Amino acid sequence: MTSIPLVQLNDGRQIPQLGLGTWRTPDAEAAALVETALGLGYRHIDTAAIYGNEAGVGQGLAGSGVPREQLFVTTKLWNDRQGYDSALAAFDESLERLKLDYVDLYLIHWPCPDKGLFLDSWKALLRLREEGRVKSVGVSNFRPDDIEALIMETGVVPAVNQIEVHPWLQQAALREFGVYKGIATEAWSPLAQGGELLADPRVQQLAAKHGKSPAQVILRWHIQLGSIVFPKSATPKRIEENAQIFDFQLDEADMQAIAGLDRQHRLGPDPDTFNG
Ligand SMILES: NC(=O)c1ccc[n+]([C@@H]2O[C@H](COP(=O)([O-])OP(=O)(O)OC[C@H]3O[C@@H](n4cnc5c(N)ncnc54)[C@H](OP(=O)(O)O)[C@@H]3O)[C@@H](O)[C@H]2O)c1
């Protein structure tokens with residue numbers, strides 16, 4: 001496998017541009033899948049407290065034999081634990097399940113505007129970073145005003161914003177905002193959760209043109225936009241396939257063809273209204 005490029009973060013650290021997503025990966029299957037991915041050269045794993053698989057992910061990290069300093073592990077604070085003290089306690093529990101001394105990136109999973117707690121949660125993340133138990137701090141599903149509020153209150157710009165991005169929901173304005181602020185965009189559900197998007201005739205045509213699979217074409221599109229991706233798969237062959245995206249280029253016409261698939265279609269909740 002060709003090596004995975006690193007993206008520079010605004011705090012001086014670097015993150016592999018491709019990782020393995022683990023939403024809907026059962027805890028009992030997570031260890032084997034994480035070990036498979038790490039064996040194939042992946043070094044970046046994305047999990048979250050709400051996925052219920054931090055323990056399995058931690059077992060896979062330990063079982064892989066890959067030195068800790070070569071791994072990039074992200075987990076996230078779930079909505080019902082927002083608040084300063086509560087976030088600190090939730091983080092301790094995540095770390096215990098992962099059996100790690102630190103995580104590379106800790107994210108506030110959703111802003112949950114009605115709770116009004118994300119500023120307090122953010123301050124807890126900053127304390128964890130000071131303590132060295134979190135290396136980089138970021139957010140997920142945050143809107144520009146939420147991010148401006150964090151910066152106004154603490155002066156600290158999140159390293160990443162992890163948002164829903166795929167050809168059906170391209171989020172050009174929010175990605176541009178990230179570029180302007182120096183916040184890396186992480187694209188969740190990069191394959192639009194598999195299935196229909198991958199069967200689109202225009203995607204199939206590009207796949208045939210490049211001798212690649214539809215999933216590889218879509219992931220390559222994200223990479224060329226500069227986003228960080230972590231497709232989820234429970235299928236070792238697909239985990240391997242999803243990493244073979246650094247040996248071809250989409251040209252301008254290909255990029256435009258995918259740009260034309262945007263239909264402002266969300267698969268997940270809307271951050272404006274999700275407070276769950
Ligand atoms: N921050 C957030 O709010 C948030 C929300 C959602 C997701 N995420 C993160 O983003 C990650 C990725 O998103 P996602 O899991 O929602 O969706 P995704 O990665 O877009 O798609 C995963 C689906 O695509 C299939 N797939 C994977 N590789 C394939 C390939 N090469 N060919 C055909 N099908 C393929 C998988 O099937 P199999 O598993 O059966 O192979 C699975 O059903 C998550 O796992 C999670 O880590 C974050």
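Tutor: Gly 83 is buried, with a relative accessible area of 9%; buried means under 20% relative accessible area, exposed over 50%, and partly exposed in between, with a 1.4 Å probe and protein chains only. The model is a predicted one, in which local features need pLDDT of at least 70 and side-chain atom pairs count only at pLDDT 80 or more, while totals for chains, interfaces and linings use all residues. Residues are numbered from 1 along each chain as its sequence is written, and side-chain values use heavy atoms, with hydrogens and water left out.

Gly 83 is found in the loop between β5 and α3 (84–98). Such names refer to DSSP runs, numbered from the N terminus: helices are H or I runs of at least four residues, and strands are E runs of at least two. Apart from residues up to four places away in sequence, Gly 83 touches Leu 117, Asp 120 and Ser 121, where contact means heavy atoms within 4.5 Å. Val 57, by comparison, is 26 residues from Gly 83 in sequence and 26 Å from it in space, C-alpha to C-alpha.

Let us turn to the strand on one side of this loop. In β5, 6 of 6 residues are buried, and the strand is mostly covered. Strand β4 (residues 44–46) is joined to β5 by 3 bridges, and the two run parallel; two strands pair if DSSP finds at least two bridges between them. One of these links has His 44 with Phe 72 in β5 as its bridge partner. Strands of a sheet pair through backbone hydrogen bonds, either parallel or antiparallel.

β5 belongs to an open sheet of 8 strands, with parallel pairing and the order β3-β4-β5-β6-β7-β8-β9-β10. At its edges stand β3 (20–21) and β10 (228–229), each with a single partner strand, so one side of each is left without a neighbour in the sheet. Helix α4 (residues 118–130) packs on this sheet and touches β5 (72–77), β6 (103–108) and β7; the direction of α4 makes about 160° with that of β7. Here axes are lines fitted to C-alpha atoms, for helices over the stretch in contact, and angles run from 0 to 180 degrees between N-to-C directions.

Of its 7 residues, 6 are buried, and β7 is mostly covered. β6 and β7 pair in the parallel sense over 5 bridges, with Val 103 opposite Val 134 in β7. On to β8 (residues 160–164), strand β7 (residues 134–140) is joined by 2 bridges, again in parallel, and Ser 140 has Gln 162 of β8 as its bridge partner.

Leaving aside neighbours within four places in sequence, the contacts of His 166 include Ser 189, Trp 221 and His 265.

On a 1 Å grid over the protein atoms alone, a cavity is a set of points where a 1.4 Å probe fits but cannot get out, whereas a pocket is an open set with protein on both sides within 12 Å along at least five of seven lines; lining residues have an atom within 4 Å of a point. The largest pocket has a volume of about 810 Å³; grid points are joined across faces, edges and corners, and a volume is the space filled by probe spheres set on the points. Its lining has 37 residues, and Trp 23, Arg 24, Ser 189, Gln 193 and Lys 232 lie nearest the centre. The largest share, 3 residues, comes from α10.

The second largest pocket holds about 220 Å³. It is lined by 16 residues, and closest to its centre are Arg 175, Val 179, Thr 185, Leu 225 and Gly 226. α6 gives the most to this lining, with 4 residues.

The largest cavity contains about 40 Å³ of space. Its lining is made of Ile 147, Asn 161, Leu 174, Phe 177, Gly 178, Ile 183, Ala 184 and Thr 185. α6 and β9 are the elements that give two or more residues to this lining, and α6 gives the most, with 3.
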